[in-house]
2 protein chains.
Amino acid sequence: MSPDSGGPRAAPTLEEVAAAAGVSRSTVSRVVNGSSQVKADVAAHVTATIQTLGYIPNRAARSLVNRRNMAIALVVPEDTTRFFGDPYFASIVKGITSRLQQSDYVLVLQLADAVRPSGNTLRFLTAGNVDGALVVSHHSRDTALAKLGATLPVVFNGRPLAQTDPPICFVDVDNVAAAEVATRHLLSLGRRRIGTIAGPDDMTPGVDRLAGWRRALEAAGHATDLVAVADFSQADGATAMAELLDRAPDLDGLFVASDLMALGALGVLQGRGRRVPEDVAVVGFDDSPAATSGPVRLTTVHQPSEETGARMVDMLLGLLHGEHVERERLLPTHLVIRDSA
Amino acid sequence: MSPDSGGPRAAPTLEEVAAAAGVSRSTVSRVVNGSSQVKADVAAHVTATIQTLGYIPNRAARSLVNRRNMAIALVVPEDTTRFFGDPYFASIVKGITSRLQQSDYVLVLQLADAVRPSGNTLRFLTAGNVDGALVVSHHSRDTALAKLGATLPVVFNGRPLAQTDPPICFVDVDNVAAAEVATRHLLSLGRRRIGTIAGPDDMTPGVDRLAGWRRALEAAGHATDLVAVADFSQADGATAMAELLDRAPDLDGLFVASDLMALGALGVLQGRGRRVPEDVAVVGFDDSPAATSGPVRLTTVHQPSEETGARMVDMLLGLLHGEHVERERLLPTHLVIRDSA
DNA sequence: CTGAAAGCGCTTACAG
DNA sequence: CTGAAAGCGCTTACAG
């Protein structure tokens, strides 16, 4: 023991491990980083010393020399309450965090609490505080985030509307096709007056699912006038439902762009004495917990939300490690038949 | 221009700013850190140079010498879906992030996705990756987090059940008193058969709000047998409501420990043909968006959720800066009368 | 396979 | 008020 060992026990450094193990800093560093060029018995001894001393590498020192922060940002350009309110996002975040836990990267939360990120957020992202960013719930009304890819490796949840250079990386599902399948299911049930509650027109899930609904109806020679747009929230879904019912009391089928909005719609249908699925057949989207938490278990398009989050991380990590990665990744969906259609 | 200025424009360093401004690194550093010992005109010139060069201090280098990570963890020992599902948490997080945005600290998300944090999470927290931690939605079944305070500055959202040394820091409301007020309101309405849907018994909001309800009823000489425990989720609130109604068809008043659970209860009451407030008067807790998103606008106990998050940050920052801080901070609540009672 | 040395970008006593 | 110098804890060519 050194004579001055009286102060509070500070975290041991590489230096101290080296001294204790009787080797150089370089060797300890190599062992810590799993270099293969250390003799087996030396490596074992160093590892043991690391164990007994409880050595943990200093993040900052590592970052400084490696020029990597080992941190990635989760950027949420969305109203915080709405973001939290949709179980779809819970799944995405869960997928992200659990995949990230297996890496040495840390997730830094950047809630913009608005569609357009603040200068603060933008500055943070471009100031080199993080090595990359994950963007969830992006609106095309914002252009700053779409351009971020030029500065920083970025992966989006869902295809962005903007075309940029370099092209934006994203993980998504084929929303058009999935919505088409959902709508065709309604048609196959014999429904003839089919409406939709679409998502906002500045988000691709809104735009694309609407397009899929339209395509299915047009192919079947049906009218495509029964569209109500909502903001993906339950409350707005209810409002849209009321509007649709006012416009078309004979509505007998409905495709809703998210389970949460469908939940709102279900409440209104119930309130107006429409039976689901007898009077109005309803198909949702997401297959989130919201699908089974309402009065009627929703038939819905399942999308692998948690996996979407995980694949976003994979893509970003690939980008960070300079690997060749596909810039677009589409995950499969399928229709889940339950009670509402 | 130096002759080798051809590569990709790297972020300028302190050194480069110093060279450009014709001063030493020390001086630039002092200006960056707002030292008062720099002559005004020199400071102005350096500031200008910093501007034109777009200099941003390197986080890692700073952390290394200052021995501070400038990062704090948000630890959520809770099922992710449930955490996201309750708008109360959305407010807390919003309060935390917006307060933090005014500081130089970064928020690192640690979703445990379970009541007990994984070894991974615990290791992360104690490995010196963050300077402090904020714990939200803590369950007393977990003891690891409660002991964390010995290693790291930690602030809890809500009084923890465990007694520890050093004592745990937390921001909370007086749940007992608030629940008592809510229940007395029900009594003042003439209700005589008053039940409660309590939160889980391993969380203080669960325990304390139940205690407040009981205290009010006992003071009035009423029975306190109508208790159903739920887990703060809407679905479980519905289940609890059904149970209560089965046990006491004559129930005419209800205090629910959260708005979200009250929403679930409202659905069941409606389903069983009970009018609210005519047949059953209901008082919730939180005054979150959930209070006004259901079929009946809830009378509820307002608690300043967003401010709670902000005060948690204040307390932690105080701890980090070695200031003297009160280890317990209680925020005021008040009853909001709407339509349900 | 191993070590001495330089360097990552900052801050801060210490002199002056 | 300002600068030269040491040092924070690592990694990595470079020799050997």
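**Chat: DNA strand D and chain A**

Biologist: Is B:Thr13 buried, exposed or partly exposed, and why?

Modeller: B:Thr13 is partly exposed, because 17 other C-beta atoms lie within 10 Å. Buried would take 20 or more, and exposed 12 or fewer. Keep in mind that this is a predicted model.

Biologist: Where is B:Thr13 found in chain B?

Modeller: B:Thr13 sits in the segment before helix 1 (14-21) of chain B.

Biologist: How far apart are B:Thr13 and B:Ala60?

Modeller: In sequence, 47 residues separate B:Thr13 from B:Ala60. In space, they are 13 Å apart, C-alpha to C-alpha.

Biologist: Switching to the DNA. How many residues surround DNA strand D?

Modeller: 26 residues do. The closest are A:Leu14, A:Ser29, A:Asn58, A:Ala61 and B:Ser24.

Biologist: Which helices supply at least two residues each to that surface?

Modeller: Helix 2 (25-32) and helix 4 (59-66) of chain A do, along with helix 2 (25-32) and helix 4 (59-66) of chain B.

Biologist: And by class, what does the surface near DNA strand D have?

Modeller: 11 nonpolar, 10 polar and 5 charged residues.

Biologist: Now chain A. How many helices and strands are there?

Modeller: Chain A has 13 helices and 12 strands.

Biologist: Is chain A a compact globule or more spread out?

Modeller: More spread out, because the radius of gyration is 26 Å, well over the 20 Å that the globule rule gives for 341 residues. The C-alpha atoms fill a box of roughly 90 × 40 × 35 Å along the principal axes.

Biologist: What share of chain A is buried?

Modeller: Buried residues make up 50% of the 341 residues.

Definitions and conventions. Residues are numbered from 1 along each chain as its sequence is written. Chains are lettered from A and ligands numbered from 1 in the order in which they are written. This is a predicted model: local features need pLDDT of at least 70, side-chain atom pairs count only at pLDDT 80 or more; totals for chains, interfaces and linings use all residues. A residue is near a molecule or strand if its C-beta atom, placed from the backbone, lies within 6 Å of it. Helices (H or I, at least four residues) and strands (E, at least two) are DSSP runs, numbered from the N terminus. Ala, Val, Leu, Ile, Met, Phe, Trp, Tyr, Cys and Pro count as nonpolar, Asp, Glu, Lys and Arg as charged, and the others, Gly among them, as polar. The radius of gyration is taken over C-alpha atoms; the globule rule is 2.2 Å times the number of residues to the power 0.38.
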